[in-house]
Amino acid sequence: MIADHLWRTRCVLVDAGEAPTFVGGLTRGRTGLVVDKELPEHRDALMAGDLKGVPVLELNAAPVTVGTLREVGSFIRENGLQTVAGLGGGSVLDAVKLAALFTADPGLTIFAERHAKRSGLLVLPPITNPKDRPKTILMPSTVGTGAEVSAVACLDTAVGRRLIVSRHLAGDVAVLDAGHLATLPKHLVFEGLLEALLRVAGTMIGSKESIFDDDGYVLIQRIVRLGQRLTREDSPMLRLAAGHLSMETHTGWALIGRDPYGAKHWYLASELAYVTGARKMTATASVIGPVWEEIGKGASAWGDAGRLQRLWSMVAAAEPSVDPDPVQGIKELMWNWGITGLEHISEETLLRTTDATIRNWGGALPMLRGIDAFQIQHVLNAAAGGQHILPSPTGERTAARERR
């Protein structure tokens, strides 16, 4: 989902290797560094520069759990940190954001524990004193999530993965260093661009017309053009541009005034990723074609067919090599970018994902209102190649038809 961006983030883009001599001027008081333990080169560069001598906490790049937050929270409290610098992918940055917020107002932890069972979305109440929250300087090493500027974060709980929303979750400063993206495997750069593309496209398809539609179309075209260029060449500046476009999906005009729950595919993909343990974009690559196929057939609960077709016509105008049909076109684009879905979706996975999706996002909740369990099973079965036997809406067992 998208969240109102009321807590403005200062965004800074620097050339490769400049962050170590730039970040010191952004800090406040005693500072600590939380870093992905798989990034020793970037960690050492920061420690040799402005962050020399600061306490360091290394984390695994894994989904954030309550245990992760306890670890980061203890690090903040024990060192009396007034600024927390975070370097890593979306999970590391989410850990910094959430821990800084929960440390400033421990009552939020109790709130989260009480409300986690209600839905997949947790909107946190305002914190008592925002000034008690440590300043956050977030330096992404990946592309796509935009965690450094977004007002949302993911947290794995005992009852499932939860999306936490608070205007105080957006970083105070986002520093995008081209060097931090240089070591990112290229296939993850493409996955990040797809995530940014579908964040805009999905939200526009699931929202009504807006005066900002042209901004959305232009942003999507820029993402597609950059992705296609990256298939031919690679450079630090192109990766920096990819990171900047990812940021812009949260901070630009394209998603202003949209339905915050418009990107329906996200909820299904998130649950499929959680159930299977796959990366989020692997799960997304599995379901986006079937979801768009349903939209094209008039299943308006998933999105508007006319808006999907208009949006994809803009993509085809920017990149004539892709099929003008949205369903075939998105499959071609993912193939060009080397992105594939899950190799196998078992019937157990299908049923567990359906149950979790309805429980956390469906029913009376606004995220997937109007979408029932059978519709979700139908999409998942299409993603699985139409291999499973599913109950019909009337309760009869019918053989699912093969995907065309």
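Mentor: Let's begin with the second largest pocket, which has a volume of about 370 Å³. This is a predicted model, so to speak of local features we ask for a pLDDT of at least 70, and side-chain atom pairs count only at pLDDT 80 or more, while totals for chains, interfaces and linings use all residues. Residues are numbered from 1 along each chain as its sequence is written, and side-chain values use heavy atoms, leaving out hydrogens and water.

On a 1 Å grid over the protein atoms alone, a pocket is an open set of points with protein on both sides within 12 Å along at least five of seven lines; a cavity is a set where a 1.4 Å probe fits but cannot get out; and lining residues have an atom within 4 Å of a point. Grid points are joined across faces, edges and corners, and the volume is the space filled by probe spheres set on the points.

In the second largest pocket, 19 residues form the lining, and V66, L69, F102, T109 and E113 lie nearest the centre. Two or more lining residues come from each of α2 (66–78), α3, α4 (107–115) and β7. Helices (H or I, at least four residues) and strands (E, at least two) are DSSP runs, numbered from the N terminus. With six residues, α2 gives the most to this lining. By type, the lining has ten nonpolar, five polar and four charged residues; here Ala, Val, Leu, Ile, Met, Phe, Trp, Tyr, Cys and Pro count as nonpolar, Asp, Glu, Lys and Arg as charged, and the others, Gly among them, as polar.

Two residues show how these elements meet. A95 lies in helix α3 and is buried, with a relative accessible area of 0%. Buried means under 20% relative accessible area, exposed over 50%, and partly exposed in between, with a 1.4 Å probe and protein chains only. Setting aside neighbours within four places in sequence, A95 is in contact (heavy atoms within 4.5 Å) with L59, V64, T68, L69 and V72. The C-alpha atoms of A95 and C154 are separated by 8.7 Å, although the two residues are 59 residues apart along the chain.

D156 lies in strand β7 and is buried too, with a relative accessible area of 12%. Its C-alpha atom is separated by 7.3 Å from that of V66, which is 90 residues apart along the chain. Beyond four places in sequence, D156 touches P63, V64, T65, V66, R161 and Y274.

Now to the largest pocket, with a volume of about 1,300 Å³. Its lining counts 50 residues, and G90, S91, T145, E195 and K280 are the ones nearest its centre. At least two lining residues each come from α3 (90–104), β7 (152–157), β8 (160–165), α6 (186–205), α9 (264–276) and α10 (280–296). The largest share, seven residues, comes from α6. Sorted by type, this lining has 24 nonpolar, 16 polar and ten charged residues.

What about enclosed space? A search of the whole structure finds two cavities of 30 Å³ or more. The second largest cavity holds about 40 Å³ of space, lined by G202, I205, G262, A263, K264, H265, V291, W292, I295 and W302. Here α6, α9 and α10 each give two or more lining residues, and α10 gives the most, with three. The lining divides into six nonpolar, three polar and one charged residue.

Finally, two helices that pack with α6. The buried residues of α7 pack against α6, α8 (236–251), α11 (305–318) and α12 (326–336). This helix, α7 (residues 213–230), has 18 residues and reaches 26 Å from its first C-alpha to its last, close to the 26 Å expected, where the expected span is 1.5 Å times one less than the number of residues. The buried residues of α8 are covered by elements including β1 (10–14), β9 (173–177), α5 (178–182), α6 and α7. Among those buried residues are L238, L240, L245 and M247.

As for confidence, the chain averages a pLDDT (the predictor's confidence in each residue, from 0 to 100) of 93, and 94% of the residues score at least 70. Over residues 398–404 the pLDDT is below 50, and this stretch has 19 contacts in the model beyond near neighbours in sequence. Where pLDDT is low, predicted coordinates should not be read in detail.
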